[in-house]
Structure formats: C-alpha cells, structure tokens
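Q: Could you show me how to read aromatic contacts in a structure, beginning with the general idea and then turning to the case at hand?

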Amino acid sequence: MTDMSSSAAPAPARPLGRALATLRGSWPLIPAALFLAVAFVYPVALLLGRSFVGSDGGLSAENYARLGESTVVVRVMLITFKIAGWTTLFAIIAGYPIAYLLATLPPSRRNLLAIFVLMPFWTSFLVRTFAWIVLLGRNGALNQLLQALGVSDPPSFLYQFSGVMIGMVHALMPLCVLTMLSVMENIDKRLTDAAGTLGARPAAAFWRIYFPLSLPGAAAGGLLVFITSLGFFITPALLGSERETVIVQLVIFQIKEMLNWGFAGAIAIMLLVVALVIFYIYDRLVGLSTLSGGDVRGSSSSRNPLSWLGSKVGNLLLTVISEISDVIGRALGALMPVRPDRKPRRIGGKVLRLVALAGIAFLAVPAFFVVPVSFSESQFLSWPPKGFSLQWYREVLDNPLWIGAAWRSFVVAFSVAVVALILGVPAAFYLVRRARRTTAIMAFLISPLIMPHIIIAVALFYLFAQIGLVGTTIGLIIGHTVLAIPYVVVTVVAVLKNYDIRLDQAASTLGANGVRTFLNVTFPLIRSGLIAAFMFAFIISFDELTISLFVTGGQVTTLPKQMWDDALLRVSPALAAVATLILAFMTAVILGSEILRRRGVAKQ
C-alpha cells in the first residue's frame, strides 16, 4: 500500500508540469500580452465600468438611457458613419488601381513608386491638413487652377463636406493601398497566365480570376479605413464645419468642457461595440489574418462568401464592360479602320497606369504646397505666397515652447519605437513559428489598431489621473506604445512569413545555439523588416495627437498637440513653417532608413 501511495503521488504534478512547459514555450508572447493587458485592456475595462456609474454614485444605466434619448448623439453618430462610409468607398476605388499597379511592377520600380504612396503616411496628419487648407481655400491653388481653365465661379471646397472627403481620403488611402497590396502580392500570377493560354482576354482573366482573389484585400483595406475614420477628428475639425462634427469631438467636449466621464464613457463604449461587431463580421467572412497579408478564410469561392460575391460582381462588371468596349470598338472601327499589317493596341494597361499615377500624384503632391507658404510675408495662409521672408522660421525656432514640444516628441517617438520592437518582435516570432490559435492571439495583439483611438485615449486618461501619470513623459510613452505594438507585430509577421525557416534549422544542425542563430542568420535577413517596423512605430508616435491631447493634461505638450492648439487659435504661416520642418525631418529619417535597409540587403 505504501508503495502504491508513493508511486501515485507525483501524478498531480503532471498538469502543473505541462502548464510550466507551455508557459516556457510562450515566453516570447508574455511581455507584449502583459503590457497590453495592463495598459490597454484594464483601462478600457475601467472606462466600461465608469459608464455604468450614475449621478448618485451607484450602479445605473442612466448614461446609456441618455445616450438613446439624445438626438445630438444620434445625429453626430450618423454624420460619423456617413463620413467613414464615403471615405472607405473612395479610398478603395482610388486605391485599387494603385495597389494593382504596384503588385504587377518589377520590385525596383515598385519600391520607387511605393515611396510616393507612403509619403502621406510618413508626414504628419496636421501637415497634410494644412496643405489642403492652402489648396482648397477660396483663393487657394485649386480654385486658381479652375479659374485658369475657364471656370469663372469655382465652388468652395473648404469647410464643406467635399473638403472633408478630400482630406480624409488623402489621409487614409495609403493604409488601404498597403493592405490591398499585401494580399495582391500573394495572388499567383500563373492563374491569369493560364487563363490567357486557354483563350481568355486580359479583361476576362482579370475580372473572373484576379478580381475575386483580390477582393479580400479590398475588404481588409476598407475595414481598416472605416474603423480609423470612426475615431478620426483632425480633418473634419479643420476642413469641415459644424455640419461635419464627428463623434470624437463630442467625446472631447464631454470630458474637456462638461467633465461628464460617465456619458463620455457610454459614447466611447457604443463606438467600441460598433467596431467589434464590424470586426466580427469581417473575421467570419474573410479572417483577420488577411490584415497581415495572410490567407483568406476558406480559400475556395464555395467556402468563402466574399470570394463568391467577388466572382459574381466580377462577372457582372465584365459583362457590362465588355458591352461598352464592344460599342466603343465598333464606333472607333468605323472611324479608324485597323490596317491588317499592324497589331491592335491595348489601351487598358495604359489607362490603368494613368489612373494609378494620378492617384499617386494626389497622395504625394499636396504636402509640398505647404513649403512655399512658409516663406510668405503674409500674416495668413494664402496662395500664392506673398514675398519672401524667414520670419516664421525665426518665430518658431526662437520660441522655447515649439523647441520643447519638438524635442519631447522626438524622445517619446524614439523610446516608443524601441519599446514596441522589444515587445512586438518576440510576439511576432511566436505567432509565426509556435502559436496554434493564431487568429485569437493576432486579434488580441492588433486590437489597439482596430479600436478607435479616442477610446484608448479616454481610458488611459481616466487611469493615469488616478495614478499620477497625466502630464508625464512616461505616460505618453505608455500610451503611444499601445498604438505602436500592432504595427510592429503586423510588419514583422509579414516579413517572417516569407522567411525560410530551413536556414535556422541548418544553423542549428551545424551547432549554433538559438542566440547565435538569431544574430548571425535570422537578424541579417530580416533587418530591413525590423527597420520598417521601427519606422512605423516612430512615425505613429511622432504624429499621434488623440492620446497626447488627453494624456498631456495641459502640463506638457508634443509637437502635434502644439500645432493643434495653434491651429485652433489662428492659422498662420508659422504652422506652415513647422509643417515644412517636420516634412524635412521625416524625409531625412526615411532616406536614412532606406540607406540602412539597402546596406543590409547588400551585405546579404
């Protein structure tokens, strides 16, 4: 009996041993998961709980009852959905030709055009918004161009819905293009080649094969644009009027002016529920893995409703376009008969290139209009600039408030990029090489990306106010890191999916341990991807306004917040001077990172 007891005693320790082994195996994920749990999940949960506190301090649903009864909230929410919906539609329509062109170009030419596509993403949202103020004003560059073309009384775009749409699409279309491109690059080009071999015309091969396969990328890009638009307030506030007031402005008003945390929390939670419902529907149709260029849920059209829908839409568009092409072809044939000794010209590819290049110009050109205005002698932003003066640069560089804000933004952005890499890179390795439930883990890690920033900002402000981190640099770093980790994870996951794991296995076979394998084999091959992830995190932090608007608490300031405060008081060429300096700084950072990336590729 004693022997039996002693032999059976270790049995309960087996589940504990398996749990410890699992914990040891998942250590790369633990730091990022703990950070997001403390700095993201917990504050949002606190905000959720605060929304259920009534005016008497007890549990109550009065904030949600007031939410349902408020006609202002309903009207502003409908305006927000309207702006987000149209922005998403225009971003997909205008961005699809650009993504398709980039996906079909050789790598060298693709990288060159990608720089211009990314230019709006690398520059500040505020810089781009000020550029559109210069372009869309009553005497702006666009109206002057229309007058030169013979339009005597051009319409006003500034402080109108049309101006908001132009600014929103310009700000968010790069995100849509990059998401669609990541899916298009994984489409096997041999499928359309095979269709051509079997006698299909290029248009038929595109609409019946390529278009349905690329539709999940368009859905992923549209999803990110729509969710981002729900929490975007910079462009509507500066380019629109009170008719374009969005839900984020209402939340800011409730906290900054009314100090009504409960009602502001209820509005934020309503926005969160909308975002989660949209993402749930998207995950059921496509799968969250497509956000990083992964495979679509259900690869065949019979299993994937979105691909089936894309196939049907593609066939319908093909029929319509074929009929139109036949009519145009017959008309042109009657006017200009084709000589039998000359091959017919295909104009579809040229038209596509022209449309895509026009879209790239739309993304890249506006930011440069800010530069001449910064040298103006005028007291207001106007086009064309009057005279030449450096007074606005002297005003900015001699002002300790601007210098302090710029230095703090740089320190915070650099710290955020380093911390986000330390936390996000191991998590990305775990996702690609060890994780079993990839979708659930990926959804958790990128959840700050898919959540409107205003919810994170309000939740962090509520938490930091209780622990004394409002108005501190540490608080800014924590808040910005929450937003930067998803970009690092998605970027590194996309790089690792194209990495040949057999190289690491070969190094291990030759006697290298894990550290030496990473330093001598893995790191040199993925260095360019890590640089890109660092750049994403740096730019996200350097340009972040929503969290800075709350977490700084009016005690400290960052460069975007200082620009925002000045823009609310007066829109002067001093802002154009700051925007030009930011543009020059970002250009130098991008060129430096590109030089480092090319050196890394050359060493390989």
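This is a predicted model: local features need pLDDT of at least 70, side-chain atom pairs count only at pLDDT 80 or more; totals for chains, interfaces and linings use all residues.

A: Residues are numbered from 1 along each chain as its sequence is written, and side-chain values use heavy atoms, with hydrogens and water left out.

Q: What describes a pair of aromatic rings?

A: The distance of the centres and the angle of the planes describe such a pair. Rings of Phe, Tyr and Trp (its six-membered ring) pair if their centres lie within 6.5 Å, and planes under 30 degrees apart count as stacked, over 60 as edge-to-face and the rest as tilted. By this rule there are 19 aromatic pairs. Phe-233 and Trp-564 form an edge-to-face pair, with 5.4 Å from centre to centre and 80° between the planes.

Q: Which parts does the pair of Phe-233 and Trp-564 tie together?

A: Phe-233 lies in the loop between helix H11 (202–230) and helix H12 (234–239), and Trp-564 in helix H27 (residues 559–569), so the pair ties together parts 331 residues apart in sequence. Helices here are DSSP runs (H or I, at least four residues), numbered from the N terminus.

Q: Is Phe-233 buried or exposed?

A: Buried means under 20% relative accessible area, exposed over 50%, and partly exposed in between (1.4 Å probe, protein chains only). Phe-233 is buried at 2%, and Trp-564 is buried at 8%.

Q: Where does the charged end of Lys-82 sit?

A: A charge sits over a ring if NZ of Lys or CZ of Arg is within 6 Å of the ring centre and within 35 degrees of the ring normal. The charged end of Lys-82 sits over the ring of Phe-161, 4.6 Å from its centre.

Notes:
Helices (H or I, at least four residues) and strands (E, at least two) are DSSP runs, numbered from the N terminus.
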